[in-house]
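Okay, thanks for making time, everyone. Let me put the structure up, and then I'll talk you through how it's put together.

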Amino acid sequence: MALDIEAIRADFPILKRVLPNGKQLVYFDNAATSQKPKCVIDAMSHFYEEYNSNAHRANHTLADEATAALESARARISSYFGTGPANLIYTSGATEAINLVAYGWGRYNLERDDVIVITEMEHHADIVPWQELSKTHGVEVRFVPIDTKTFTLDMEAFEVALDGAKLVCVVHTSNVLGVRNPIERIIEMSHAVGAKVLIDAAQGAPHERIFFDSSGADFVAISSHKMAGPTGIGCLLVKTDVMAEMGPFMTGGSMIRRVTTEGTTFQEGHAMFETGTPRIAEAIGWGAAVEWLAQFDMREVHAHINDLASWTSNQLLDIPGIKIYGDPSHKDSSGAISFLHDGIQSQDLAMLLDEGGFAVRTGHHCAQPLMDALGVPATNRASFWIYNTLDEVQAFIEYLRFICERFA
Ligand SMILES: Cc1ncc(COP(=O)(O)O)c(C=O)c1O
């Protein structure tokens with residue numbers, strides 16, 4: 001059944017937004033964060049209006065309701081990701097999830113000279129924690145380069161880098177290039193040399209169903225706010241036997257079993273890693289988001305986004321002076337289009353587009369090593385999601401042509 005984009009758009013109040021200059025909003029910054037459907041906003045308001053309370057603490061009615069909602073959201077979200085609630089650790093987002101692997105697993109299981117393989121196309125969230133770990137634990141961080149002609153990971157170099165690897169950390173889908181990495185092969189090759197695998201699925205989860213248990217990955221980091229859920233929450237999915245190898249990351253309330261003046265014992269399982277007051281409203285909102293998303297076949301969602309990206313990138317290539325970094329018309333691409341104009345600075349271009357109502361991202365996209373590999377300091381990025389339309393991308397191309405003719 002084809003997606004009914006108009007019905008989908010009706011679920012998102014913000015898409016009706018008119019900007020202060022009178023222009024209708026066209027939101028093409030979805031790789032930064034997606035918009036939220038009304039059911040997510042309502043679920044969070046309902047919590048605050050009807051049963052706001054702390055969870056896992058008191059015994060009154062509201063506390064019981066808040067605890068039940070937090071845990072039923074865990075069940076719903078973990079089931080959406082093809083795993084059980086015991087394998088899901090709530091975090092503040094993908095960034096904290098990756099830090100949790102570095103501090104909660106890496107610190108306890110890696111030693112001096114152990115090798116961590118990452119790639120040049122990682123987000124800073126999947127680079128800096130490993131660099132920090134190399135300072136404190138003497139681990140070696142190896143970067144796999146990209147092929148700057150095809151904008152894909154150099155898999156031959158990956159194979160070479162695997163020699164002696166203990167941990168491999170790879171982005172599922174690049175937030176800059178839109179390229180989806182061959183994660184199935186990466187997991188297989190990494191396990192063949194005995195390395196654990198962390199997949200950063202912050203950009204992958206909004207574009208395809210992630211089935212954690214059958215993926216074989218040891219860790220998957222996911223962000224709620226890029227897949228219709230609220231900001232402030234995400235999760236780390238962890239295999240049961242791997243979670244048993246982890247130790248405390250952040251310490252304090254909730255994650256303890258017993259604290260005395262002599263010392264502390266800790267909870268087991270995901271409870272050991274969820275310190276302090278949980279993100280209750282956010283978990284409820286994310287639960288509503290995955291329920292909303294579950295009504296769609298993500299292959300159809302991907303096909304819709306891919307059609308928009310293919311059409312847009314073909315048109316962009318027709319505009320003199322525009323260069324695209326990536327292959328947005330590739331069948332696996334997430335629809336993120338990074339581009340530059342050789343005569344208009346990226347910041348200026350973004351401002352001019354904003355005047356027309358088009359929200360695109362400009363900058364290094366938290367991927368400076370990738371920018372270095374591409375030989376540019378920044379790009380403009382248009383990224384699409386489920387509610388974007390052909391009318392919007394046509395209007396975008398028309399407006400961009402006008403800008404380029406006038407200002408270049
Ligand atoms: C590929 C990738 N990894 C990690 C992150 C960080 O995610 P979060 O905002 O949930 O911390 C992002 C966010 O842009 C991303 O695109």
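Predicted model: local features only at pLDDT ≥ 70, side-chain atom pairs only at ≥ 80, totals over all residues.

Residues are numbered from 1 along each chain as its sequence is written.

Overall picture next. We have 14 helices and 17 strands, where helices (H or I, at least four residues) and strands (E, at least two) are DSSP runs numbered from the N terminus. The radius of gyration is 22 Å, close to the 22 Å from the globule rule for 408 residues, so the protein is as compact as a globular protein of that length. For the record, that radius is taken over C-alpha atoms, and the rule is 2.2 Å times the number of residues to the power 0.38. Along the principal axes, the C-alpha atoms fill a box of roughly 70 × 55 × 40 Å.

How many of the residues count as buried? That's 48% of the 408, with buried meaning 20 or more other C-beta atoms within 10 Å of the residue's own, those C-beta atoms being placed from the backbone. And if you take contacts between residues at least 6 apart in sequence, 69% of them join residues at least 24 apart. A contact here is two C-beta atoms, placed from the backbone, within 7 Å.

Across the boundary, 24 residues of domain 1 are in contact with 23 residues of domain 2. Which elements give two or more residues to the domain 1 side? They are α11 (298–317), β14 (336–341), α13 (368–374) and β17 (379–383). The largest share, four residues, comes from α13. By class, that side has 13 nonpolar, eight polar and three charged residues. In this scheme Ala, Val, Leu, Ile, Met, Phe, Trp, Tyr, Cys and Pro are nonpolar, Asp, Glu, Lys and Arg are charged, and the others, Gly among them, are polar.

**The seven-stranded sheet**

Now the open sheet of seven strands: the order is β2-β10-β9-β8-β7-β3-β4, with mixed pairing. Strands pair if DSSP finds at least two bridges between them. β2 (88–91) and β4 (140–144) are at the edges with a single partner strand each, so one side of each has no neighbour in the sheet. On average, neighbouring strands are turned by 20° against each other, direction ignored. The axes behind those angles are lines fitted to C-alpha atoms, for helices over the stretch in contact, and angles run from 0 to 180 degrees between N-to-C directions.

Let's walk along it. β2 and β10 pair antiparallel over four bridges, with Tyr-90 opposite Cys-235 in β10. On β9 (residues 219–223), the pairing with β10 is antiparallel too, over five bridges; Ile-222 stands opposite Cys-235, and the bridge partner of Ser-223 is Gly-234.

Why do I call β10 largely enclosed by the rest of the structure? Because five of the five residues in β10 (residues 234–238) are buried. Gly-234, Leu-236 and Val-238 cover one side, Cys-235 and Leu-237 the other. The story repeats for β9, where five of five are buried, so β9 is largely enclosed as well. There, Phe-219, Ala-221 and Ser-223 are on one side, with Val-220 and Ile-222 on the other.

Further along, β8 (residues 196–200) pairs parallel with β9 over three bridges, and Leu-198 is opposite Phe-219. Strands β3 (residues 115–119) and β7 (residues 165–171) also run parallel, joined by three bridges; Val-117 stands opposite Val-168 there.

**The four-stranded sheet**

Last one. Four strands form an open antiparallel sheet, in the order β13-β14-β17-β16. Its edge strands are β13 (322–325) and β16 (361–363), each pairing on one side only. Neighbours here are turned by 30° on average, direction ignored. β14 and β17 pair over four bridges, with Ser-338 opposite Arg-381 in β17. Helix α12 (residues 346–355) packs on this sheet, touching β14, β16 and β17, and its direction makes about 35° with that of β17.

Note on methods. Buried ≥ 20, exposed ≤ 12 C-beta atoms within 10 Å, placed from the backbone.
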